[in-house]
Amino acid sequence: MQPADSPELRALYEGFDAEHLMPLWTQIDDLMPMSPKPKAVPHVWKWSTLNALARQSGDLVPVGRGGERRAIGLANPGLGGRPYVSPTMWAAIQYLGPKETAPEHRHSQNAFRFVVEGQGVWTVVNGDPVRMSRGDFLLTPGWNFHGHHNETDEPMAWIDGLDIPFSYQNDVGFFEFGSDRVTDYATPNYSRSERLWCHPGLRPLSGIQNTVSSPIGAYRWEFTDRALTEQLLLEDEGQPATVEQGHAAIRYVNPTTGGDVMPTIRAEFHRLRPGTATPARREVGSCVFQVFEGTGAVILAGQETRLEVGDLFVVPSWVPWSVQAESQLDLFRFSDAPIMERLHFDRTHIEGTDR
């Protein structure tokens, strides 16, 4: 209930304004809603449109010092023109032309790359050249120097994910320029980090200390695909290997801790059999999906949108969503779940369950 208007009350509010004070009783519905009321809205970006615009930018916008990257951020329509896909995460399509090099820099923000198509680019992370190819998930943890170089006569595009909005809001960001080129133009099939760390169930004694972010530079598609394939084969054999009937999924993890690959970003990959539909669910925190293979549909807050290869969509906090597979549907997903879980704000509701 609000107090009755009076000259004395108006004078009180003027005093509040003069001292930069705001009473809770005039704004509690906005500050403490009964459930999350995100300003971000569900939205789908079509890869065919994004890729065409990225190609245009390749003809018009140089890569080099100043702009640093030809990266085009996905701006959530509900966030007032900010280049944020959600209040905590940045997502962008990055485009590198034939024989181009993006110079090295580093920043506090954690970053990754996911490749939906193409090959021929190496990202160099702290001097370690890492091949980028279709289906690969690649890490650039905070404060690691990194640059990219394209060794082919064809352009290449991929998606970037970072925790830029979260770091910006909390004033934790630092940035530093590195080499104008990259520190190593080698093009190995496997990076040094993979050669050291990517052996199932084996940990090098030279790396016995736990690390905040994963020491692995690239999580290769061949292993992701094999893991999902085996889950569905085990399901066929009657074994409890999938998260839901017809729904295989993996989480990329830091091998030193078994936890998320980076402290602010979770990454997963999901595969749905043809005809599978996930139950509608709501989750605190936001996530972004990209279609890697197949066709289907996503239902966001009751609105259905058809999905094709490369399409991206964002699910804001506590917005109900579900996915339906027409063909086999492969989906890459990233989210701010590590932040929500560490702060104990996480909550999930799945339709038809008590969870």
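Residues are numbered from 1 along each chain as its sequence is written, and side-chain values use heavy atoms, with hydrogens and water left out. As the model is a prediction, local features need pLDDT of at least 70 and side-chain atom pairs count only at pLDDT 80 or more, whereas totals for chains, interfaces and linings use all residues.

Strands come first. Here strands (E, at least two residues) are DSSP runs numbered from the N terminus, and two of them pair if DSSP finds at least two bridges between them. Strand β4 (residues 101-107) meets β11 through 3 bridges in the antiparallel sense, and Arg-106 stands opposite Glu-176 in β11.

Strand β10 (residues 156-162) is mostly covered, with 7 of its 7 residues buried (buried means under 20% relative accessible area, exposed over 50%, partly exposed in between, with a 1.4 Å probe and protein chains only). Met-156, Trp-158, Asp-160 and Leu-162 are buried on one side of β10, and Ala-157, Ile-159 and Gly-161 on the other.

Strand β20 (residues 321-325) has 4 of its 5 residues buried, so it is largely enclosed by the rest of the structure. Its link to the antiparallel β17 (residues 296-300) consists of 5 bridges, and Ile-299 has Ser-322 of β20 as its bridge partner.

On to the packing. The largest nonpolar core has 37 residues, and those with the most contacts inside it are Phe-112, Phe-137, Tyr-252, Phe-269 and Phe-332. A nonpolar core is a set of buried Ala, Val, Leu, Ile, Met, Phe, Trp, Tyr and Cys residues joined through side-chain atoms within 4.5 Å. Apart from it lies another core of 16 residues, among them Leu-272, Phe-313, Val-315 and Leu-329.

The structure holds 20 aromatic pairs, where rings of Phe, Tyr and Trp (its six-membered ring) pair if their centres lie within 6.5 Å, with planes under 30 degrees apart counting as stacked, over 60 as edge-to-face and the rest as tilted. Phe-175 and Phe-177 have ring centres 5.2 Å apart and planes at 85°, so this pair is edge-to-face. Phe-175 is partly exposed at 44% relative accessibility, and Phe-177 is partly exposed at 49%. Phe-332 and Phe-334 make a tilted pair, 6.2 Å centre to centre with 35° between the planes, and both are buried. One aromatic cluster includes Phe-332 and Phe-334 along with Phe-112, Phe-137 and Trp-221. Elsewhere, the charged end of Arg-131 sits over the ring of Tyr-190, 5.4 Å from its centre; the criterion is NZ of Lys or CZ of Arg within 6 Å of the ring centre and within 35 degrees of the ring normal.
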